Amino acid sequence: MVVESAPADAEREAEYNEWYSGTHIGEICAIPGFVAARRYKIRGTDPNSSAKDSYLAVYEIEADDLDQPLAELAARSADGRSAVSDALRLSPPPVVTIYELIDEGP
């Protein structure tokens, strides 16, 4: 699962990163099937570009049925067990994309 997100504004970037790395990743990785997460910050953009504050999180999911961990993620988001910080930009919302492994290489 790949998630593109950003802080609500540049002044809240530190708060956003503290919440994401200190709280959010732990909550997501506590869901059965989510086994690892890595975060990245976009590099080398124009300082006037809004993309300078864009982040990418890559979550590794190991499950026979990908729908199970994703359903649990949705349930925890809906009932508040996975907290959302107001330091997270919601307009536009984070972009979540799910990829399925097709080849592990050599």
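Me: Is Asp 67 buried or exposed in this model, and what is the relative accessible area behind the label?
Reply: The model is predicted, and the label is computed from its atoms. Exposed means over 50% relative accessible area. Asp 67 has a relative accessible area of 54%, so Asp 67 counts as exposed.

Me: Where is Asp 67 found?
Reply: Asp 67 belongs to helix H2, which covers residues 67-78.

Me: Which residues gather with Asp 67 in a patch of negative charge on the surface?
Reply: A patch takes in residues with over 30% relative accessible area and no salt bridge, and like charges are joined within 9 Å. Here the negative patch on the surface consists of Asp 64, Asp 65, Asp 67 and Glu 100.

Me: How many helices and strands does the chain have, and what pattern does the chain follow along the sequence?
Reply: There are two helices and four strands. Taken in sequence order, they give β-α-β-β-α-β. The C-alpha trace spans about 45 × 40 × 20 Å along its principal axes. Of the 106 residues, 27% count as buried.

Me: How many salt bridges does the structure hold?
Reply: The criterion is a side-chain nitrogen of Lys or Arg within 4 Å of a carboxyl oxygen of Asp or Glu. The structure holds six. One of them joins Arg 12 to Glu 15, with the closest N and O atoms 2.8 Å apart. Arg 12 has 22% relative accessibility and is therefore partly exposed. Glu 15, with a relative accessible area of 37%, is partly exposed.

Me: Which residue forms a salt bridge with Glu 72, and where do the two lie?
Reply: The partner is Arg 76, and the closest N and O atoms are 2.7 Å apart. Both residues lie in helix H2, four residues apart, which is about one turn of the helix.

Me: Why do Glu 72 and Arg 76 get their accessibility labels?
Reply: Buried means under 20% relative accessible area, and partly exposed lies between that and the exposed range. Glu 72 stands at 26%, so Glu 72 counts as partly exposed. Arg 76 has a relative accessible area of 17% and is therefore buried.

Me: Which residues do salt bridges with shared partners join into one network?
Reply: Start with a further bridge: the side chains of Asp 79 and Arg 81 meet at 2.8 Å, N to O. Through shared partners, Glu 72, Arg 76, Asp 79 and Arg 81 form one network. Asp 79 is partly exposed at 46% relative accessibility, and Arg 81 is partly exposed at 44%.

Me: How many aromatic pairs are there by the ring rule?
Reply: Rings pair if their centres lie within 6.5 Å, and planes over 60 degrees apart count as edge-to-face. The count by this rule is four. Among them, Trp 19 and Tyr 20 have 5.4 Å centre to centre and 80° between the planes, an edge-to-face pair. Trp 19 and Tyr 20 are both buried. The centres of Phe 34 and Tyr 59 are 6.2 Å apart and their planes stand at 85°, so this pair is edge-to-face. Phe 34 sits in strand E2 (residues 34-41) and Tyr 59 in strand E3 (residues 55-61), so the pair links distant parts of the chain, 25 residues apart. Phe 34 and Tyr 59 are buried.

Me: Which residues form one aromatic cluster?
Reply: The cluster consists of Tyr 16, Trp 19, Tyr 20 and Tyr 55.

Me: Which residues does a cis peptide bond join?
Reply: The bond lies between Ser 91 and Pro 92, with omega about 0°. Pro 92 is in the loop between H2 and strand E4 (95-97).

Methods: Residues are numbered from 1 along each chain as its sequence is written. This is a predicted model: local features need pLDDT of at least 70, side-chain atom pairs count only at pLDDT 80 or more; totals for chains, interfaces and linings use all residues. Side-chain values use heavy atoms; hydrogens and water are left out. Patches are made of residues with over 30% relative accessible area and no salt bridge: like charges are joined within 9 Å, nonpolar side chains (Val, Leu, Ile, Met, Phe, Trp, Tyr) within 5 Å. Accessible areas come from the Shrake-Rupley method with a 1.4 Å probe; for residues, only the protein chains shown count as cover. Lys and Arg count as positive and Asp and Glu as negative; His and the chain ends are not counted. The place of a charge is taken as NZ of Lys, CZ of Arg, CG of Asp or CD of Glu. Buried means under 20% relative accessible area, exposed over 50%, partly exposed in between (1.4 Å probe, protein chains only). Rings of Phe, Tyr and Trp (its six-membered ring) pair if their centres lie within 6.5 Å; planes under 30 degrees apart count as stacked, over 60 as edge-to-face and the rest as tilted.
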